[in-house]
Amino acid sequence: MGIAIKVGGPPKAVAANAPVPTPASRTVGAKRFEIIYVELTNACNFTCDYCPIDQQSRKKTIMTTEFAIDVLDQIADNHLTDVITFHLMGEPYLHKNLSELTAYAESRGLRVRLLTNGSLLSPARNLSLFNANLSHLEVGFRTPNDSSFSMRLRGGSLTLSEYLRRVEGLLDDKIRVGARTEVAVKFFIRTKAAEYGVGESYEHLTSERDNLAMAHHFYDFVMRSARRHGKAIEGWDEIPIRVVDGGYPIYPGITLNWSRLQDFWMREQRGQTGGWDAVVCGCNAAFRENFAVLADGRVTTCCVDYDAKNVVGDLRKNTLMEIINSPEAQHMKRSLEWFRPPTKFCRECKGGPTFATSALKQVLTVYLDGKARILGRGVKNL
């Protein structure tokens, strides 16, 4: 099966404040899910100490292009969501047809939120994805110093300075061609437990000093790049750079994002077992607002289920609608609607290594989920 989308050649330059075009096939109106995770691969060229990539018992695989198209068609045909992302575990840039699949998804009215570790960025791939009408590209920079970056490499020779240059190249290409793609550079901040002094801070990843220094570096680079390409920067050259729980734009279509460290994944990567499981929790996953399709075609509850412990079905055997409407999937959804973690994995995820961290996490997740329901928007992850 081929992809009837031609991708090639650089996109035409557009004004920085031009309206973002949308494919004609995109429909308007609320969809059943806020986002669906479609994992193109669970393999990665990095081995980050904050990601349990090496704790997987799953076989490393890459979703075939034909299978991925079928998944995208089922999502689009059933109007399940407006937003997809091509990851759960793994580095999506390892898929040889990433740009083509991005173009196909966007042509079906699915806005693609692409996450990458940034190590495989290149001018050719930048332009290919821009030309594929990619909506959003996030670079998980995450490691703002040599010590943290050295813990990411998987037998490679990439240096932090070269890694930095590749991300700078993406930002420069974005500004130069005026691509509609929103580009974000992501950093870590501490968990709530760490802020309250009852959890590990993982200072090598969350150092405010190091993160701010790197954020200022990217901001200064963006200003220089905009000037070099004759773009207006009035007003943008006065943006205050700060650490926040969230993100903010530093130039049209370019943001700095700050997200809380996933303490559960840190513990999983280190093989740390035990702790205090959750009794109650708030969570918008498990077919409430999102779910995930793994690279081998199995369907699971969320983007945290790195080792397929919450699988409820298999797209090689059933359709997507049959799986998400199955009694098992609906049971999981109802459990979380009543603030009850439905599986052992969920209880571990929403718990903590100590009684204090577990209790704090449970209280905060219930509070945030309850608040989100009242306000009518998705709960933020802790």
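Are F149 and Y163 buried or exposed? Both F149 and Y163 are buried (under 20% relative accessible area, with exposed over 50% and partly exposed in between, for a 1.4 Å probe and protein chains only). The model is predicted: local features need pLDDT of at least 70 and side-chain atom pairs count only at pLDDT 80 or more, while totals for chains, interfaces and linings use all residues. Residues are numbered from 1 along each chain as its sequence is written, and side-chain values use heavy atoms, leaving out hydrogens and water.

View 1. Helix 1 covers residues 65-77; helices (H or I, at least four residues) and strands (E, at least two) are DSSP runs, numbered from the N terminus. Its 13 residues should span 18 Å at 1.5 Å a residue, and the end C-alpha atoms are 18 Å apart, which agrees; the expected span is 1.5 Å times one less than the number of residues. Because 10 of the 13 residues are buried, helix 1 is largely enclosed by the rest of the structure. Among the buried residues are F67, I69, L72 and D73. The elements covering them include strand 1 (35-38), strand 2 (83-85), helix 2 (98-107), strand 8 (290-293) and helix 10 (320-324). Just after helix 1, H79 has a positive phi of about 50°.

View 2. Leaving aside neighbours within four places in sequence, F86 is in contact (heavy atoms within 4.5 Å) with residues including L72, L98, L101 and R113.

**View 3. Aromatic rings around Y163.** The structure holds 15 aromatic pairs, in which rings of Phe, Tyr and Trp (its six-membered ring) have centres within 6.5 Å; planes under 30 degrees apart count as stacked, over 60 as edge-to-face and the rest as tilted. The rings of F141 and Y163 are stacked, because their centres are 5.0 Å apart and their planes at 10°. F141 lies in the loop between strand 4 (136-139) and helix 4 (146-150), and Y163 in helix 5 (residues 160-177), 22 residues apart. F149 and Y163 also form a stacked pair, with centres 5.1 Å apart and planes at 25°. Ring pairs join F46, F141, F149, Y163, F187, F218 and W258 into a cluster.

**View 4. Charges over rings.** The charged end of R242 sits over the ring of Y248, 4.6 Å from its centre; the criterion is NZ of Lys or CZ of Arg within 6 Å of the ring centre and within 35 degrees of the ring normal. R373 lies over the face of F339, 4.1 Å from the ring centre.
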